[in-house]
Structures are given as structure tokens and as C-alpha cells.
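Work through the exercises below with the sequence and the model open beside you, and try each task before you read its solution.

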Amino acid sequence: MDDGLGKIKVISNHFKASTSRVDSHPSLTSSVSQPQIDDSSRSSSWTRRKLRSAAYMLNLFTLRRMPWSSSNDGQEKVVLSALEVESLKSELADLEEREAHLKAQLENVDQILRSARLSGYLYIRTRWAALPGEPPPLDDTEVDDWLPRFVVLQGPCLFFYLLSTDLSPQDSTLLPDIVEIGPLPSITREDEETHYAFYILTRLGLRYECSSSSKIQVDSWLSALQTDCKLGSNATAPNGYM
């Protein structure tokens, strides 16, 4: 049997594990431990950014040059004087008051949109009809004095708001006081945009002229007002206006 080995040479401990592989690559150990150093650096950087963000939020209250100090445990804090504290309280109270006002505006708009028969922005201008014995008013159709108003048809009244968020209207008129409603010729504004128009005449002689770039919107207002005021379609304006 021994002769069967022939010329095979047996080398003892040839497959013994080498102990020099770990030592021959010292960079392996350092590369493994490096992320721990990076995590610490990132944590410190994140803390500094958070402090800067907190300082920025405080600056939103218009406090300038607030003194910073460090406590014994190394944490940074803001030191405010009594005057600065009172100023901060005052600004917080103003913000709460503004929040309450905005909430009231939103509730008012919601109520208008729910209860109004028709509402929307129209360009408005007013004219007074000539009294008996007075000469007819001058032709001022070329005068561009149209102002945007938020108009609301609600119940027996027509309201004119400066903005849709206003809590009270600038002007109003009762539908029973309206004696005439009719279309007006289209006009071309200074921006060369065509506006379609109509008028509303009250028994007091006050005339509201309304216009919009949307013919559909003007037709909707004419139809709703003529129905609610129980007036038929009138294509002829009073003397002195056409």
C-alpha cells in the first residue's frame, strides 16, 4: 500500500489558515469604523441646523439681534429681556386676532356662496339720471372709470362688495326699487378687451352700469335680475345714455 503513493509528495500544514491576512490590510479595520465618525459628525451638523432653524422661526416675529448664550450643559438658548417678551406677546396676540378675522371672512364667503342666488365679480360704475328740466347728461361712454366689485344677488337685495372677503358691502339696493334693467352696447377697454354690459336703474335715478368680459356671465345676470325684479327684457336704455 505504501508503494501505491508513488511519487506523490505530501507537504504537512499546507492548508493551514494564514494569520497575516488581517494584519496585511490595516485599511479594512479603519474603513469599518469610519461610518461611526461620520454619524457623529452628521448628528452634530443636524443639531446645528436645527438650532439655526429655530432661530430663523423666532426672527419671524421681528425680534432683531436676540442674544444667544450657552448654559453649563453646553446647550444654546435665547435670552430675552422683559421688553422683548412683551413685544413677542403683543405680536402673538395680533396673529391670533388676524386669524380670527380671516376665519370670519371665510365663514362669510361660505355663507354667501351657499345662500346667494347669483354672485361674482363685475366691473361697475354709477351714473345719475337727469332730473326733470335738466339737460341730458354728457356722453361719457368713452370714460374708463369701471371698478371691479363683487356683486351678490341675495334675497330681496343686490349687494356690492369691494372684495369677496369683505364682511360688509359698500353699497346695496332693494330689488323693489329697481325700475328698469337692460343691455348696453359692448365696450372696448383700454387693454383692448371687449366687455359686454348692462344697466340697472333705481327709482331714485341712480344707475348702475355693469360689465364683464364674459357674455355668458352678463346674460346670466340679466336673466336673474329680470326674473327676480319681475321686469321684462328691455333693450332700450333711458334717454341720454345710449
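**Exercise 1. Find what share of the residues of the chain counts as buried.**

Begin with the cut-off: a residue is buried when its relative accessible area is under 20%, exposed when over 50%, and partly exposed in between, using a 1.4 Å probe and protein chains only. Applied to the 242 residues of the chain, this gives 25% buried. The model is predicted, so local features need pLDDT of at least 70 and side-chain atom pairs count only at pLDDT 80 or more, while totals for chains, interfaces and linings use all residues. Residues are numbered from 1 along each chain as its sequence is written, and side-chain values use heavy atoms, with hydrogens and water left out.

**Exercise 2. Describe the largest nonpolar core.**

A nonpolar core is a set of buried Ala, Val, Leu, Ile, Met, Phe, Trp, Tyr and Cys residues joined through side-chain atoms within 4.5 Å. The largest has 20 residues, and L158, F198, I200, W221 and L225 have the most contacts inside it, a contact meaning heavy atoms within 4.5 Å. Next, look at the contributors: α3 (215–228) is one of the elements that supply at least two residues, and α3 gives the most, with five residues. Finally, leaving aside residues up to four places away in sequence, I200 touches L158, I178, E180, L206, R207, Y208, C210 and L225.

Note on methods
Helices (H or I, at least four residues) and strands (E, at least two) are DSSP runs, numbered from the N terminus.
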